[in-house]
2 protein chains.
Amino acid sequence: MDELLERLAEIADLERMAMLLAWDQEVVMPPAGAEARGELRATVGRLSHERFIDERVGELLESAAPRDELEADVVRVARRDFDKARRVPGELVAEMARAGVAARGIWLQAREADDFAPFAPALQRNIELRRRYSACFPEAEHPYDPLVDDYEPGMRTAELREAFERLRDGLVPLVAAAPEVDDALLRTGPFPEAGQRALLTTVLRAIGVDDEQWRLDEAAHPFEATIGTSDVRLTTRYDEADLDSLYSSLHEFGHGLYEHQIDPALARTPLGAGASSAWHESQSRLWENMVGRSAGFWRWCFPHAQAALPECFGGATWQEVQRAANAVRPSLIRVSADEVTYGLHIVLRFELELALIEGDLAVADLPAAWNERTHAYLGLDVPDDAHGVLQDVHWAEGVFGYFPTYALGNVIAGQVWACVTADLPDLDERFAAGDFAPLREWLAEHVHRHGRKFSPQETLRRATGSTIDAKPYLAYLDSKYRAGITV
Amino acid sequence: MDELLERLAEIADLERMAMLLAWDQEVVMPPAGAEARGELRATVGRLSHERFIDERVGELLESAAPRDELEADVVRVARRDFDKARRVPGELVAEMARAGVAARGIWLQAREADDFAPFAPALQRNIELRRRYSACFPEAEHPYDPLVDDYEPGMRTAELREAFERLRDGLVPLVAAAPEVDDALLRTGPFPEAGQRALLTTVLRAIGVDDEQWRLDEAAHPFEATIGTSDVRLTTRYDEADLDSLYSSLHEFGHGLYEHQIDPALARTPLGAGASSAWHESQSRLWENMVGRSAGFWRWCFPHAQAALPECFGGATWQEVQRAANAVRPSLIRVSADEVTYGLHIVLRFELELALIEGDLAVADLPAAWNERTHAYLGLDVPDDAHGVLQDVHWAEGVFGYFPTYALGNVIAGQVWACVTADLPDLDERFAAGDFAPLREWLAEHVHRHGRKFSPQETLRRATGSTIDAKPYLAYLDSKYRAGITV
């Protein structure tokens, strides 16, 4: 048992290393370091994989005699990870990686030239390789199941289909009925960078960030990196034309807080991470949207925003800013979509990638299918593939089954939020007083501390008493948008 | 052969990882990350050691069939490293590490309390463990040889003793005869931090630093970290009372340039690093002292220093600044010693640690011996052990055999400098024109590109045609100091 724990600790450390290599590359590495960095990342990734799928780990798992509940949980989760990792031949893993790198290059050119055709064969190859990957799990109900399972262990296609149908059917009329909102207050600026930084410092300190355990840096594509539960690194970017730095920081804070509040006893075990991709996304979305666009948040934040950015907010009211922060406007690009339309971008991708994996949709027909659904769900015409089917990198890299986790994150956030607000009815008042501790503590107690101890479904059941269900999320949106913004 | 190269590349990558972990910890890590960082560093260190001393590496080295000269060099150097690493039982390595950590804690308290006595048993234990370490190499001429060999492969105690006797006998009269120099220009300030930063930017750019491949950050104890030959990271610290940030940057640049100019073909092999600790120190000292205190350097640098720090250098001349930069003044603390007295601090430590390992000096007698030699070599009385025998961390950590490399670095720098200036007689004029490329290129061609391809001694023979010899270094100092500063 001790040897097993030691080996698993080593693998957890290597995963932290991989995270540090990525953080360093995006935040501080001199540009010319990229080539050597590629080698370092490959070596750490390979070592971590090799050390995990080693025969010896199998023997140790076979003979492991857990001495307490924690050790029993570790063995159970490690055995599941091990069995899954051993099922896929190393050769297929390498082939998927190579094909992904090649397709990514072709995709970049295709997007640049706004021409889908040259990308089609590379995408076809990625799809075929994913089908081969799925075939390594012949017991799966559906060939898409093993793909989703990589990010959302235990989630089945049938469940997803049901949840997303409900989500789609709820969102389409909401988007159509959303009132026109003037959001110039948050879209015009200019918001001087120094003022944005001052505001972020105030907001992050209030919600739970301190210099002893956290960093905030700049990165072209904001992300969060956990190097240790007491070494949590957020990134953001500053654009003087908007205040997205605030919302991206709240988003990354949600990811960071999750990792930060995992029970320290789970450190250096396979349990010391978030329960799944969707769970992680639920926490980032919760802080970005449920908290950061709430009335209470803006009642508290507004004087700080005025002080930091007087030229932007001098003549406004907190109600106007909150209203602007909740504007709904259908648009073509997923990554800049608002809280309501975002889900439809994901539903569309889920439906299409499912059809591609099933073989019901030919790659050649993908652009037309994309454009048709964009019209049906968002009421928009796609002018070109760069603003349509070629906008995301995921399929180019061979990543299928990941898109759903974005929307599942919102759905879970809705379920969690319904429970939090039922348990803490004065939450909005607390936000208005700048007190975010009750929310942090609720999340720690009901979700964060468990890490990967329970399956995503079991984590959900324990936190909310429910299975995956889009209703609370739709109800949250509905109360906000159908009735007009709450303010 | 390919498997061997792959394994060695993995180990080289792990060593880079260890370097990045250290850099990150000193420069950017939130303080509370220290505990998890300790685990990460231990894991990477252990993996790198285990993967190297693995039986499989021995088999691969046995059966390796090099296909070219480079591969033959790799096998030769890797075999030497492997044989040495395998000779020491893992248990002894672990015991030395544990004893070093424990003794370091005791030393910190002893220094704080200015009381040598409680530290004595811990030091005694470190010495005994080093004797056991030496005993793993029964063929060694002298028990100190295997200790030095860890840092200066192939260097023998007998050679060191001879070189250091000559050094000591040359330095003592030089120090006694050094003229009084008023160095208030570089010691009074205040030197505003912004001005220091501006000056450093100009100087580093001129000597060869660009943002594509280098970084400069702050650290409490300046150091250099090579994450890749195109990812070189210098650190410095700013104190408004002096201009040490300039000299520490030149020093770290010397280390960085060495690694930066190693032949890229040696990357990810055991050859892709400096030839030895002394060789590394020779390069840092060369840039810090031979370049940074030269007349040519200050002729060029002075107008930039005036522009960046007008309040400090407005009324001065470059001759006055250069004179101040070359002041000699015996002092008690090694790390703040000037170029001339520094060597005597090292000779003293070398003689004492040699006597401790030989058993000719009892630990209890160490403080008295320290104070006696400080008086003999530097003409100073040691007021307390904190300013004497307790000032350095090395012996507390069990590091014996490293001190000599500091002085050897100066000696080698002197030998190299004699050759450089013979080959490039207009070097000082080039410096005066802000042109440091000829020096960089000479060093690349004669030293840097070879990395660890040749032994330190062979590297020296190729670069200078000589064995280790203190004469050129003493002649360099003599021409500067006995005759008064050159200006």
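Counted over all chains, this structure holds 104 salt bridges. It is a predicted model, so please read every value below as computed from predicted coordinates.

One of these salt bridges lies within chain A, where the side chains of A:Arg37 and A:Asp24 meet with 3.0 Å from N to O. This pair links distant parts of the chain, with A:Arg37 sitting in helix 2 of chain A and A:Asp24 in helix 1 of chain A, 13 residues apart. A:Asp24 also reaches across to the other chain: A:Asp24 forms a salt bridge with B:Arg233, and the closest N and O atoms are 2.7 Å apart.

| Salt bridge | N to O distance |
|---|---|
| A:Asp24 with A:Arg37 | 3.0 Å |
| A:Asp24 with B:Arg233 | 2.7 Å |

Now to the interface itself. Between chain A and chain B the rule finds ten salt bridges, and 14 residue pairs are in polar contact, both residues being at pLDDT 80 or more. Which elements of chain A face the partner? Helix 1 (2–27), helix 2 (34–53), strand 1 (214–218), strand 2 (224–228) and strand 3 (231–236) of chain A each give at least two residues to the side that touches chain B. Helix 2 of chain A makes the largest contribution to that side, with ten residues. By type, the residues on this side of chain A comprise 16 nonpolar, five polar and 15 charged.

In terms of contacts, 36 residues of chain A meet 36 residues of chain B. The size of an interface is often given as the accessible area lost when the parts come together. Here the area buried between chain A and chain B is about 2,900 Å², and carbon and sulfur atoms give 63% of it. A:Met17, A:Pro30 and A:Leu40 supply 17% of the area that chain A buries against chain B, more than any other three residues.

Let us turn to the sheet in chain B. Three strands of chain B make up an open sheet with mixed pairing, in the order 1-3-2. Its edges are strand 1 (214–218) and strand 2 (224–228) of chain B, each of which pairs on one side only. From one strand to the next, the twist averages 20°. Strand 1 and strand 3 (residues 231–236) of chain B run parallel and are joined by five bridges. In strand 3 of chain B, B:Thr235 stands opposite B:Asp217. Helix 11 (residues 244–260) of chain B packs on this sheet and touches strand 1, strand 2 and strand 3 of chain B, its direction making about 160° with that of strand 3.

Conventions. Residues numbered from 1 in each chain as written. Chains lettered and ligands numbered in written order. Predicted model: local features only at pLDDT ≥ 70, side-chain atom pairs only at ≥ 80, totals over all residues. Heavy atoms only, no water. Pairing = 2+ DSSP bridges. Helix = DSSP H or I, 4+ residues; strand = E, 2+ residues; numbered from the N terminus. Axes fitted to C-alpha atoms, helices over the stretch in contact; angles between N-to-C directions. Contact = heavy atoms within 4.5 Å. Buried area = accessible area lost by both parts, 1.4 Å probe. Salt bridge = Lys/Arg side-chain N within 4 Å of Asp/Glu carboxyl O. Polar contact = N/O pair within 3.5 Å; in protein donor to acceptor, adjacent residues only side chain to side chain. Nonpolar A, V, L, I, M, F, W, Y, C, P; charged D, E, K, R; others polar.
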